[in-house]
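I opened the notebook to look up two things.

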Amino acid sequence: MRIDALQYCNFSREIFQQMNQGGVHAVHVTIAYHENFRETVANIEHWNRWFEQYPDLIFQGRWARCVETAKATGRTAIFFGFQNPSPIEDDIGLVEILHSLGARFMQLSYNNQSLLATGCYEANDPGITRMGREVIAEMNRVGLVIDMSHSAERSTLEAIELSSRPIAITHANPGFWEPALRNKSDAVLKALGESGGMLGFSMYPHHLKGKGDCTLDSFCQMVADTAELMGVDHIGWGSDLCQDQPDSVVEWMRVGRWTKKIDYGEGSKSAPGFPAMPSWFADNRDFGNVEAGLLAVGFSHADVAKIMGGNWHRFFESSFGPATA
């Protein structure tokens, strides 16, 4: 089975068909960056129309067993997630409501300070806030996965410690390979693995060594080195694929409504838009290239199966339902 724990494409029937052609059985899709609750509900409505239009290709995923259904029926289960806690606004009661609507992942912060935690672009990281502690407990209770992909170091380590259930970093790479602000330290990765959490490797060029020129061999060797650091049972994919998105979308991702100025994030004034993807990963049909690359750097077929989707499937089984006493 193949699972990708983060995509934000300009979705279309063509992309859904590519998921099918690539044998991708589940995808965690971003349905909110800076949206409030009502705007997020509107995005869910949009997805509901796609589920109605393309039932031969996709359906809404809610539980781990949906991945098995997708594999058996040749479709892709779509799981909802947020890159920012903005959909819950300042109301902890919305955590349960959004979970009931199908949300399964929520980042505690995007690049900035939020009501819950600190983003990786802030100069200072005071850690998890008072509200953050309460929301972590509520997310644990209902089965909404804590995602710290864009969060700063102290906040991430505190989230791992405070959460009674394993957390996820759905789309990032190790800082030892490429020191991007969004990539994670050895300390974070070790704590994540020791706590039973999951890391999804990103193919987004700003997170890669050499950006769009990154080689498949370099990427897969990085995966092998990370497996040595945190354990092969705690890694998978979170490609951060933004296929077919216009550059106006990357501006929304970075700027939202929090500033009047242009923030270039990991880009620059000379290259403000989406960067070119590496040649070996352009769309969902290319997961086979990565699978072959993992075998080439020495992973066994059993471990490749874990990384391609088995690890995420196990994580889904223990994470999406309400906490047990």
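**Entry 1: a β-α-β unit.** I found that strand 5, helix 5 (residues 130-142) and strand 6 make a right-handed β-α-β unit. Right-handed means that, with the strands pointing away from the viewer, the path from the first strand over the helix to the second runs clockwise. Helices (H or I, at least four residues) and strands (E, at least two) are DSSP runs, numbered from the N terminus.

I noted the ground rules here. The model is predicted, so local features need pLDDT of at least 70 and side-chain atom pairs count only at pLDDT 80 or more, while totals for chains, interfaces and linings use all residues. Residues are numbered from 1 along each chain as its sequence is written, and side-chain values use heavy atoms, with hydrogens and water left out.

**Entry 2: the neighbours of strand 5.** Which strands pair with strand 5? Two strands pair if DSSP finds at least two bridges between them. I looked up Phe 80 and found its bridge partner in strand 5, Ala 103. Strand 6 (residues 145-147) also pairs with strand 5 in the parallel sense, over 3 bridges. There, Met 106 stands opposite Ile 146 of strand 6.

Is strand 5 (residues 103-107) mostly covered or uncovered? I counted 5 of its 5 residues as buried. Buried means under 20% relative accessible area, exposed over 50%, and partly exposed in between (1.4 Å probe, protein chains only).

**Entry 3: rings.** Rings of Phe, Tyr and Trp (its six-membered ring) pair if their centres lie within 6.5 Å; planes under 30 degrees apart count as stacked, over 60 as edge-to-face and the rest as tilted. The count comes to 26 aromatic pairs. I checked Phe 11 and Phe 16: they are stacked, 5.9 Å centre to centre, with 10° between the planes. Phe 11 has 7% relative accessibility, so I logged Phe 11 as buried. Phe 16 has 0%, so Phe 16 is buried.

Why is the pair of Trp 312 and Phe 315 edge-to-face? It is because their planes stand at 85°, with the ring centres 5.6 Å apart. Both residues lie in helix 11 (residues 301-319), 3 residues apart, about one turn of the helix. Both Trp 312 and Phe 315 are buried.

I also traced one aromatic cluster, whose members include Phe 11, Phe 16 and Phe 80.

**Entry 4: a charge over a ring.** The charged end of Arg 104 sits over the ring of Trp 63, 4.6 Å from its centre. The rule asks for NZ of Lys or CZ of Arg within 6 Å of the ring centre and within 35 degrees of the ring normal.
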